[in-house]
Amino acid sequence: MKTSIKIGVGFALLWIILKLSAFSFGVFLADLKPFVFANMLFVTLAISLALYAKKRFETESNLLEDIKTAMIPGVLYAIIVSSFIYFYYQSIYPEFNSSKISAIELKMNNEAAVADFRKSNPAMENLSSDEIREQVMDSMNNYYSAQFTMTVSLLGLLLYTTLNSLVISLIFRRVIFRKT
């Protein structure tokens, strides 16, 4: 197996172990920020290490090859982690989404919150309170689903991987592996 594939899979497994450890210890169950930042760190490290491993032994390459080399572990990481996120929120911890939906339902039972939605969205000005509640709950049920979470994480990680691959490849070419 290629080194870049091993690196991508290794960092994905590391993130999965981190997420499952946090779940088993009950740490950061409601807070997603540490795992988002861990994702960003692990993707950046996977891209950097794979590109460094290739460029260290390779004498000639162009920018497009470097970007391609950098994207391989990042894309693998994104696919593996996003697939795990789907199974995590679908099977392992479905209470996360249901608790978020319940909190929004409680908020929507307050007439002042419905009035705020009516004021903030011009399309809802002529709707009754029950219609506003129904529309908000329908959109929140879609928003807090395992499929939506997986799709957003996959798109976000792929975008981050693409931009990171470009920037890290440029940094490696211009600074670290510059020919003098």
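This is a predicted model: local features need pLDDT of at least 70, side-chain atom pairs count only at pLDDT 80 or more; totals for chains, interfaces and linings use all residues.
Q: What makes Arg173 and Asp66 a salt bridge?
A: A salt bridge is a side-chain nitrogen of Lys or Arg within 4 Å of a carboxyl oxygen of Asp or Glu. The closest N and O atoms of Arg173 and Asp66 are 2.8 Å apart, so the pair qualifies. Arg173 lies in helix α7 and Asp66 in helix α3, so the bridge ties together parts 107 residues apart in sequence. Helices are DSSP runs (H or I, at least four residues), numbered from the N terminus.

Q: Why is Asp66 called buried?
A: Buried means under 20% relative accessible area, exposed over 50%, and partly exposed in between (1.4 Å probe, protein chains only). Asp66 has a relative accessible area of 1%, so Asp66 is buried.

Q: Why is Arg173 called partly exposed?
A: Its relative accessibility is 29%.

Q: What makes Lys55 and Asp66 a salt bridge?
A: Their side chains meet at 3.2 Å, N to O. That is within the limit, so the pair counts. Asp66 is in helix α3 and Lys55 in helix α2, 11 residues apart. Both Asp66 and Lys55 are buried. Salt bridges that share partners join Lys55, Asp66 and Arg173 into one network.

Q: How do you know that Glu111 and Arg133 form a salt bridge?
A: The N to O distance is 2.9 Å, so the pair meets the cut-off. Glu111 is in helix α5 (residues 111-120) and Arg133 in helix α6, 22 residues apart. Glu111, at 41% relative accessibility, counts as partly exposed. Arg133, at 18%, counts as buried. The structure holds 4 salt bridges.

Q: Why is the pair Tyr86 and Phe87 called edge-to-face?
A: Rings of Phe, Tyr and Trp (its six-membered ring) pair if their centres lie within 6.5 Å; planes under 30 degrees apart count as stacked, over 60 as edge-to-face and the rest as tilted. The centres of Tyr86 and Phe87 are 5.4 Å apart and their planes stand at 75°, so the pair is edge-to-face. Tyr86 is partly exposed, at 23%. Phe87 is partly exposed too, at 49%. The count comes to 15 aromatic pairs.

Q: What places Lys19 over the face of Phe35?
A: A charge sits over a ring if NZ of Lys or CZ of Arg is within 6 Å of the ring centre and within 35 degrees of the ring normal. Lys19 lies over the face of Phe35, 4.1 Å from the ring centre, so the distance is within the limit. Lys19 is found in helix α1 (residues 3-25).

Q: Why is Lys19 said to have no salt bridge?
A: Lys and Arg count as positive and Asp and Glu as negative; His and the chain ends are not counted. The nearest side chain of opposite charge, Asp31, is 9.5 Å away. That is over the 4 Å limit, so Lys19 has no salt bridge.

Terms used:
Residues are numbered from 1 along each chain as its sequence is written. Side-chain values use heavy atoms; hydrogens and water are left out. Helices (H or I, at least four residues) and strands (E, at least two) are DSSP runs, numbered from the N terminus.
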